[in-house]
Amino acid sequence: MSNIAPEITLCARNLTRRFGNITVIHNLSLELKRGEVLGLLGHNGAGKTTTLQMLTGCLLPDNAEKSECSIEICGIDLLRKPTLAKAHLGYLPETPPLYRELSVNDYLTFAARLRGMKSADVAGALTQTLQRCGLEAVGKKIIGTLSKGYQQRVGIAQAIIHSPAVIVLDEPTVGLDPAQIRGIRTLIRELGDTHSVILSTHLLGEVESVCDRVEIMQHGRLIYGDTSAHMRQHGNGKMSLEEVFLEITENHAAEELAL
Amino acid sequence: MIRLLALRELRSLFSMPSTWFILALLQFILAWFFLARVEAFLEIQPQLAQLANPPGVTTTVAAPMFNTVALLLMMLVPMFTMRLIAEERRNQTLTLLLSAPLSGLHIVLGKFIGLLTFLVVLVTGVPLMLYTLALGTQLDHGLLLSNMLGLLLLTASYIALGLYISALTTQPIIAAIGALAVLLGLWLADIGAVAENSPWHAISPLNHFQNFNNGLLDSSDAAFFVLFTTVFLLLTIQRLHNNRRYG
């Protein structure tokens with residue numbers, strides 16, 4: 001595996017999205033390889049969530065019909081063959097999409113079947129996912145009665161139960177306590193070995209501890225992209241990651257003003 | 001896939017106490033109505049017997065009963081359809097369906113069939129009660145079948161309309177009021193229009209049910225229901241697609 005170039009599991013080119021007159025995403029292009037964890041970093045309102053929504057087919061780019069715009073998942077065109085491409089996707093939106101009246105086991109079984117898993121394989125996947133996300137104890141409980149941290153974990157569980165090639169997580173550690181955050185980060189790291197993970201966050205510590213690569217977003221553009229190790233060296237090793245991030249975004253804002 | 005979505009819909013419905021409450025209450029009301037009709041029939045039976053061609057028990061008990069169920073469903077269906085899409089949107093669970101490998105057709109048909117199954121279960125009590133009459137008398141099976149078919153088609157058209165209105169909004173309550181307003185409006189326009197050939201009669205589902213209610217199978221009535229249902233299901237699919245387009 002190591003001597004051949006890892007395959008590209010997600011490739012998005014020239015995504016543009018407008019809401020009314022405001023362009024939220026400008027010509028955004030992204031690539032993700034198998035076995036890579038990509039962190040999408042940015043201030044509030046930078047367009048992270050909108051980008052992830054487009055990558056998962058919940059929102060169409062404005063230029064979806066034009067040939068310059070494309071989203072490919074494992075080589076399948078998401079915009080033209082959505083049902084085929086989405087089988088390789090796992091998505092945790094900002095608010096976990098939970099049916100609160102179902103039990104955890106029922107909900108996860110439904111999520112797995114929904115992504116086209118055979119019912120014979122579901123039982124095994126369910127046990128594995130429950131164990132991975134630390135949900136064994138609450139399998140029979142109704143989701144609505146769980147605490148927010150557990151609900152968030154159920155949200156992550158539904159995104160990975162069918163072991164998709166591309167896992168998209170929108171702020172996965174929101175609402176978790178420090179111990180749980182560490183657990184989830186270890187889990188994401190683990191997932192990153194075999195799958196591709198793209199996660200959005202505004203926590204720099206998260207980027208530092210789990211991401212192989214960072215893309216910084218501002219005003220709907222990717223303004224900086226590098227491996228997280230390189231980013232740390234950006235300030236000659238003297239600055240913390242936080243300072244580097246602030247410097248990059250402020251420089252960019254100043255450049256924009258100058259133009 | 002459609003079956004999976006329909007089953008999920010049913011499971012969610014039956015996990016809510018309010019569903020069981022409505023189920024129980026409706027059986028009670030229907031049983032009450034049924035017994036009242038049977039009692040009335042027994043009272044006037046001697047007079048009916050003197051007529052040359054007396055109406056039977058099916059005409060005097062079953063037909064009015066189905067008519068009442070049709071009216072009751074008009075009020076009940078919006079209470080169930082309101083949740084279908086509006087609530088998924090409000091709870092953000094719609095994202096799960098939109099990011100899953102499903103087409104709009106799957107989502108819409110899954111929800112439609114799920115709720116239709118539930119409502120069929122809800123009103124099964126009616127034919128069962130009516131068939132208990134077969135213990136003591138001869139029933140007109142043709143009339144009963146035509147009524148059941150009509151009621152099924154009518155329910156399907158109500159659901160399709162409610163589903164579409166539910167897809168237009170994020171608030172289940174607005175979806176319920178909207179669907180109820182449209183259904184009541186169609187009904188009132190129908191009974192309010194005096195002229196025999198008024199176009200209002202043609203677009204009212206309840207008016208098309210009348211022939212089924214009288215035991216008359218008219219293909220144009222059946223075609224109306226199929227068209228009505230299809231149009232609103234297609235509109236819902238389009239609306240879900242626009243959801244992706246306009247956010």
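Over all chains, the structure, which is a predicted model, holds 17 salt bridges. Side chains of opposite charge can pair when their charged atoms come close.

| Residue | Partner | Closest N to O distance |
|---|---|---|
| A:Glu65 | B:Arg245 | 3.3 Å |
| B:Arg11 | A:Asp106 | 2.9 Å |

**Salt bridges**

A:Glu65 and B:Arg245 form a salt bridge. Because A:Glu65 lies in the loop between α1 (48-55) and β4 (70-73) of chain A, and B:Arg245 in helix α11 (residues 219-246) of chain B, the pair joins two chains. A:Glu65 is exposed, at a relative accessible area of 60%, whereas B:Arg245 is partly exposed at 22%.

A:Arg189 is partly exposed, with 26% relative accessibility, and A:Asp212 is partly exposed with 27%.

B:Arg83 counts as buried, since its relative accessibility is 13% and the cut-off for buried is under 20%. There is also a network of salt bridges with shared partners, made up of A:Glu101, B:Arg8, B:Glu9, B:Glu88 and B:Lys111.

**Contact between the chains**

Chain A contributes 29 residues to the contact and chain B contributes 26 residues. The two chains bury about 2500 Å² between them, with 64% of it on carbon and sulfur atoms. Three salt bridges are found across the interface of chain A and chain B, and eight residue pairs are in polar contact there, both residues being at pLDDT 80 or more. On the side of chain A that touches chain B, β1 (8-19), α2 (82-86) and α3 of chain A each supply at least two residues. The most comes from α3(A), with five residues.

**Aromatic rings**

The structure has 11 aromatic pairs over all chains. One of them is A:Tyr99 with A:Phe110, an edge-to-face pair with 5.8 Å centre to centre and 75 degrees between the planes. A:Tyr99 is in the loop between β6 (89-92) and α3 (104-114) of chain A, and A:Phe110 is in helix α3 of chain A, so this pair ties together parts that are 11 residues apart in sequence. A:Tyr99 is buried at 4% relative accessible area, and A:Phe110 is buried at 6%.

In chain B, the ring centres of B:Phe14 and B:Phe118 are 5.5 Å apart with the planes at 65 degrees, so this pair is edge-to-face. The pair links distant parts of the chain, 104 residues apart, with B:Phe14 in helix α1 (residues 2-14) and B:Phe118 in helix α5 (residues 104-123) of chain B. B:Phe14 is partly exposed at 28% relative accessibility, while B:Phe118 is buried at 0%. One aromatic cluster is formed by B:Tyr164, B:Phe212, B:Phe224, B:Phe225, B:Phe228 and B:Phe232.

Charged ends also sit over rings. That of B:Arg8 sits over the ring of A:Phe110, 6.0 Å from its centre, and that of A:Arg153 sits over the ring of A:Tyr150, 4.5 Å from its centre.

Key: Residues are numbered from 1 along each chain as its sequence is written. Chains are lettered from A and ligands numbered from 1 in the order in which they are written. This is a predicted model: local features need pLDDT of at least 70, side-chain atom pairs count only at pLDDT 80 or more; totals for chains, interfaces and linings use all residues. Side-chain values use heavy atoms; hydrogens and water are left out. Rings of Phe, Tyr and Trp (its six-membered ring) pair if their centres lie within 6.5 Å; planes under 30 degrees apart count as stacked, over 60 as edge-to-face and the rest as tilted. Helices (H or I, at least four residues) and strands (E, at least two) are DSSP runs, numbered from the N terminus. Buried means under 20% relative accessible area, exposed over 50%, partly exposed in between (1.4 Å probe, protein chains only). A charge sits over a ring if NZ of Lys or CZ of Arg is within 6 Å of the ring centre and within 35 degrees of the ring normal. Contact means heavy atoms within 4.5 Å. Buried area is the accessible area (1.4 Å probe) that two parts lose on being put together, summed over both. A salt bridge is a side-chain nitrogen of Lys or Arg within 4 Å of a carboxyl oxygen of Asp or Glu. A polar contact is a pair of N or O atoms within 3.5 Å; within protein, one must be able to donate a hydrogen and the other to accept it, and residues adjacent in sequence count only if both atoms are side-chain atoms.
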